[in-house]
Amino acid sequence: MLRVRKLFAVHLKEFRRDFGSVFFSFLFPMFFLVVLIVSSLVSPTFNFEFGLVDSHKNPSAFGLVESLASEHLSVRSIDKGQAETELKEGKLQAVLILPAEGLSAGGEIDLLVGQSYEGFARIVVQAALAKLQNIEREGEPTYQFHTEVLTDEVNSEFSFMFPGMLAMALLQLGLFATATPILRARERGTLRHLLLTPLGVHELLISQICFRLMVAFLQVSVLLIAGMFVVELTAMQWVSVMGVALLGAIMLICMGYALAGMATNLESGMAAVMIANFAMLFAGNIFSDPSDNWGLSLVAHFMPVSYLADAFRQIINNSSGIWPLWLDMCALLGWSALALTIAIRTFRFDMQARQSSKKEVAI
């Protein structure tokens with residue numbers, strides 16, 4: 001344990017001196033999160049979307065849609081159950097539920113709206129109904145609507161992006177704070193020289209993995225504290241997020257070892273790291289929702305970080321995800337096992353040792 005603690009301190013000094021690892025592990029995700037928080041607090045969502053529940057297909061609903069729609073207001077038809085879910089998740093700002101007897105009969109319209117948009121939604125609906133009434137006939141409007149305010153709605157942009165920032169931070173840990181330092185240590189021969197000392201292989205690996213798990217804990221803690229300026233998280237959510245973060249960190253650290261092990265030289269290894277980073281950032285369910293596009297959805301199935309981001313979103317937003325939460329957990333464990341298997345089969349402590357073994361196989 002003494003040697004493990006000494007190595008832990010060495011890894012900490014090395015990490016602090018490596019600006020690239022510090023930047024991608026902490027500063028890079030924090031920059032995106034700060035921009036997201038400021039935009040959420042200063043500039044709320046400008047585009048307003050109504051959900052229209054019209055189960056009886058009233059002909060008069062077309063006029064209401066025309067009265068509501070404008071440059072920054074949109075309306076889309078949706079069933080009642082899905083409408084309430086999307087309203088709570090922040091994908092819709094308000095929902096109109098039309099009566100079965102139709103608008104012309106003077107039935108009462110139900111307006112479901114989040115607390116943040118109650119005043120604006122009421123003004124817009126009143127104006128649209130007044131406009132529709134004046135078009136049909138002169139006189140006072142006979143339309144009435146009942147407003148139900150939901151207090152647990154979330155900011156749609158922030159609620160989607162914030163969990164993705166957590167997944168992105170752990171991704172940077174697995175690539176730029178795991179694979180990259182190991183590639184450099186292999187290239188320089190540092191790991192080979194360490195093995196000439198009384199230090200055991202298991203002691204080296206334990207110190208490296210424990211250090212990176214500590215970094216993951218700090219990453220997630222700092223981002224969660226910053227995110228609480230916009231969202232409120234319960235103690236159970238904190239515990240659940242930390243549990244998922246542990247599984248995600250193990251998976252991505254194993255991926256880092258696998259990438260470092262498969263590389264035959266520093267240049268090819270860094271190229272693989274950059275390709276993996278860009279692929280998972282832009283196709284891994286971090287910045288965009290792939291469920292609306294079948295091509296992106298198909299690609300997301302093969303991105304390990306997609307399941308991590310999806311699990312974070314379900315826990316933080318209390319919402320349904322692309323996959324069930326149990327499937328996300330199984331995927332994290334499965335990808336971890338696959339990456340660990342590849343790392344064990346391909347990893348060498350020295351680049352020269354891997355190249356020598358290849359030559360022997362060729363001979």
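Keep in mind throughout that the model is predicted.

**Stop 1: the salt bridges**

How many salt bridges does the count come to? Two. For background, side chains of opposite charge can pair when their charged atoms come close.

Select Asp18 and Arg184 to begin. Their side chains meet in a salt bridge, with 3.3 Å from N to O. Asp18 sits in the loop between helix H1 (2–17) and helix H2 (19–42), while Arg184 belongs to helix H6 (residues 156–188), so this pair ties together parts that are 166 residues apart in sequence. Now colour by accessibility: is Asp18 buried or exposed? Asp18 counts as buried, at 16% relative accessibility, the cut-off for buried being under 20%.

Next, select Arg76 and Glu49. Here the side chains form a salt bridge too, at 2.6 Å from N to O. This pair links distant parts of the chain, with Arg76 in strand E2 (residues 73–77) and Glu49 in strand E1 (residues 48–53), 27 residues apart. Arg76 is partly exposed, and its relative accessible area is 28%.

**Stop 2: one side of helix H3**

Show helix H3, which covers residues 61–68, and pick out its buried residues: Ala61, Gly63, Leu64, Ser67 and Leu68. Why do they lie on the same side of H3? They cover an arc of only 155 degrees around the axis, which puts them there. As a reminder, an α-helix has 3.6 residues a turn, so residues three or four places apart point the same way.

**Stop 3: the aromatic rings**

Phe8 lies in helix H1 and Phe211 in helix H8 (residues 201–227), so the pair ties together parts that are 203 residues apart in sequence. Phe8 is partly exposed at a relative accessible area of 25%, whereas Phe211 is buried at 4%.

Then go to Phe28 and Phe32, an edge-to-face pair with 5.1 Å centre to centre and 85 degrees between the planes. How are these two placed along helix H2? They are four residues apart in H2, which means that about one helical turn separates them. Phe28 is buried, with a relative accessible area of 18%, and Phe32 is partly exposed, at 30%.

Now widen the selection. Phe28 and Phe32 belong to one aromatic cluster, together with Phe19, Phe23, Phe24, Phe31, Phe176, Phe278, Phe282 and Phe287.

**Stop 4: a charge over a ring**

Select Phe160 and look over its face. Which residue lies there? Arg313 does, at 3.6 Å from the ring centre.

**Last stop: Ser268**

Finish at Ser268, in helix H10 (residues 266–283). Ser268 counts as partly exposed, at 31% relative accessibility. Draw a C-alpha to C-alpha distance from Ser268 to Leu183: the two are 9.9 Å apart in space and 85 residues apart in sequence.

Notes
Residues are numbered from 1 along each chain as its sequence is written. This is a predicted model: local features need pLDDT of at least 70, side-chain atom pairs count only at pLDDT 80 or more; totals for chains, interfaces and linings use all residues. Side-chain values use heavy atoms; hydrogens and water are left out. Buried means under 20% relative accessible area, exposed over 50%, partly exposed in between (1.4 Å probe, protein chains only). The arc is that of the directions from the helix axis to the C-beta atoms. A salt bridge is a side-chain nitrogen of Lys or Arg within 4 Å of a carboxyl oxygen of Asp or Glu. Rings of Phe, Tyr and Trp (its six-membered ring) pair if their centres lie within 6.5 Å; planes under 30 degrees apart count as stacked, over 60 as edge-to-face and the rest as tilted. A charge sits over a ring if NZ of Lys or CZ of Arg is within 6 Å of the ring centre and within 35 degrees of the ring normal.
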